[in-house]
Amino acid sequence: MGFFDFFTKDKKENLDKGLSKTKENVFSKITRTIAGKSKVDDEVLDNLEEVLVTSDVGVETTLKIIERIESRIVKDKYVNTDELTAILREEIASLLADNNTEELEDFDTPKDKKPYVIMVVGVNGVGKTTTIGKLAYHFKKAGKKVYLGAADTFRAAAVEQLMIWGERVGVDVIKQKMGADPASVAFDTLNSGKANDADVVIIDTAGRLHNKVNLMNELTKIKNVMKKVIPDAPHEVLLVLDGSTGQNAFEQAKQFTAATEVTALAITKLDGTAKGGVVIGISDHFHIPVKYIGLGEGLEDLQIFRKKEFVNSLFGDHEEK
Ligand SMILES: Nc1nc2c(ncn2[C@@H]2O[C@H](COP(=O)(O)OP(=O)(O)OP(=O)(O)O)[C@@H](O)[C@H]2O)c(=O)[nH]1
Ligand SMILES: [Mg+2]
């Protein structure tokens, strides 16, 4: 039985809706930039640079985009301001494609890794537990057996929150008492998952401990204990970032990836923010794939990040607003 998560009309609408604030923000700024101008000249480029930086794309990626547009102007001699968004869309898509990080086709896991163990990390409040609930839903929908581990034992409500998601989605949650050793919860979850033939095990972790060193040590300890059950676990360390914090999300990604091993990124809360441009900067900068984007609080509001669709949604169909 195959399940393919194609980019359907529903998903496109969900993506367009989720990114609408960012899109409005970018377009209104671009419109101002080219007002009364017919040709893309140095002044338009300077303003465009400012538009991208203030839309949270980040300086480094913005400069790469501007350079690409400059070479395009050199090649084509004259670039009309009408073509600017189409060119932006093409150049950003091709820039992101240059960063050859893997892109998921659907919610699937490698056949030779069963259970496939995902450890979810990130600072408090970024959307880890919510993302786990949505992931469990999507994996289950794809025919996978899912086990969740409530290894955020730091907060009383954290275990309960994961239990609620487990019930809502209809998957098993392994827990201990609040204050229990998170590594021990992870150990139990992997054991249960393994014994019950689970396809995916997802471990929730605390985002807030007494300090950052504690947090990193804790994550290392959880990882080491997992290996006692499944030697190559965790197969994925998913760092969750809150996209609505813009450049802060970028900085957090830098700090986290420097302090611990991260193999995938999820950027949440893109709905309701105008700072969605940060996804472009993060996807360009890090050689760690952005795998998922969060577009709301509902189960369906998690999408696999597809570079081209993302850029198309952000810079496409702007006339029909
Ligand atoms: N609008 C919106 N809200 C989201 C999204 N993802 C998470 N949230 C909300 O963000 C808040 C925090 O989410 P949690 O999943 O509890 O975050 P966490 O990282 O587990 O937090 P801690 O357990 O405290 O570390 C909740 O109110 C979620 O509903 C999203 O994609 N869009
Ligand atoms: Mg949580």
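Leaving aside its neighbours within four places in sequence, which residues is Pro234 in contact with? In this predicted model, Pro234 is in contact with Val117, Met119, Lys223, Met226 and Lys227 once the neighbours within four places in sequence are left aside. Pro234 is found in the loop between helix H9 (212–229) and strand E5 (236–242), and with a relative accessible area of 13% it is buried. The peptide bond that joins Ala233 and Pro234 is cis, with omega about -5 degrees.

**Backbone geometry**

Most residues other than glycine have a negative phi, and most peptide bonds are trans. Against that background, a cis peptide bond also joins Lys114 and Pro115, again with omega about -5 degrees, and Pro115 lies in the loop between H5 and E1. Asp56, although it is not a glycine, has a positive phi of about 70 degrees; this residue is found in the loop between helix H3 (42–54) and helix H4 (59–76). Asp56 has a relative accessible area of 8% and is therefore buried, the limit being under 20%. For Asp197, likewise a residue other than glycine, phi is positive and near 65 degrees, and Asp197 lies in the loop between helix H8 (182–195) and strand E4 (200–204).

**Two buried polar residues**

Thr109 lies in the loop between helix H5 (84–98) and strand E1 (116–121), where it is buried with a relative accessible area of 7%. Its side chain makes a polar contact of 3.5 Å with the side chain of Lys144. Not counting residues up to four places away in sequence, Thr109 touches Tyr116, Phe139, Lys144, Asp199 and Val200. Asn25, by contrast in setting, lies in helix H2 (residues 20–34), and its relative accessibility of 18% counts as buried. With neighbours within four places in sequence left aside, Asn25 is in contact with Ser55 and Ala274.

**Aromatic rings**

A pair of aromatic rings is described by the distance of the centres and the angle of the planes. The count of aromatic pairs in this model comes to five. Why is the pair of Phe250 and Phe286 tilted? The centres of these rings are 5.5 Å apart and their planes stand at 50 degrees, so the pair is tilted, given that stacked pairs have planes under 30 degrees apart and edge-to-face pairs over 60. Phe250 lies in helix H10 (residues 247–259) and Phe286 in the loop between helix H11 (278–285) and strand E7 (290–294), so the pair ties together parts that are 36 residues apart in sequence. Both partners are buried, Phe250 with a relative accessible area of 8% and Phe286 with one of 6%.

Phe305 and Phe310 form an aromatic pair that is edge-to-face, with 5.3 Å from centre to centre and 70 degrees between the planes. Here Phe305 is buried at a relative accessible area of 2%, and Phe310 counts as buried at 1%. Elsewhere, ring pairs link Phe107, Phe139 and Tyr292 into a cluster; Phe139 is also among the residues that Thr109 touches. In a further arrangement that involves a ring, the charged end of Arg168 sits over the ring of Trp165, at 4.4 Å from its centre.

**The ligand site**

Around ligand 1 there are 19 residues, of which Lys128, Thr129, Thr130, Asp271 and Glu297 come nearest.

| Residue | N or O atom in | Distance to an oxygen atom of ligand 1 |
|---|---|---|
| Gly127 | backbone | 3.0 Å |
| Lys128 | side chain | 2.7 Å |
| Lys269 | backbone | 3.0 Å |

Taken alone, ligand 1 exposes 660 Å², and the protein buries 81% of that area.

Conventions
Residues numbered from 1 in each chain as written. Chains lettered and ligands numbered in written order. Predicted model: local features only at pLDDT ≥ 70, side-chain atom pairs only at ≥ 80, totals over all residues. Heavy atoms only, no water. Phe/Tyr/Trp six-rings, centres within 6.5 Å; stacked < 30°, edge-to-face > 60°. Helix = DSSP H or I, 4+ residues; strand = E, 2+ residues; numbered from the N terminus. Buried < 20%, exposed > 50% of the residue type's maximum accessible area, 1.4 Å probe, protein only. Lys NZ or Arg CZ within 6 Å of the ring centre and 35° of its normal. Near = heavy atom within 4 Å. Polar contact = N/O pair within 3.5 Å; in protein donor to acceptor, adjacent residues only side chain to side chain. Areas by Shrake-Rupley, 256 points an atom, 1.4 Å probe, with all protein chains shown as cover. Contact = heavy atoms within 4.5 Å.
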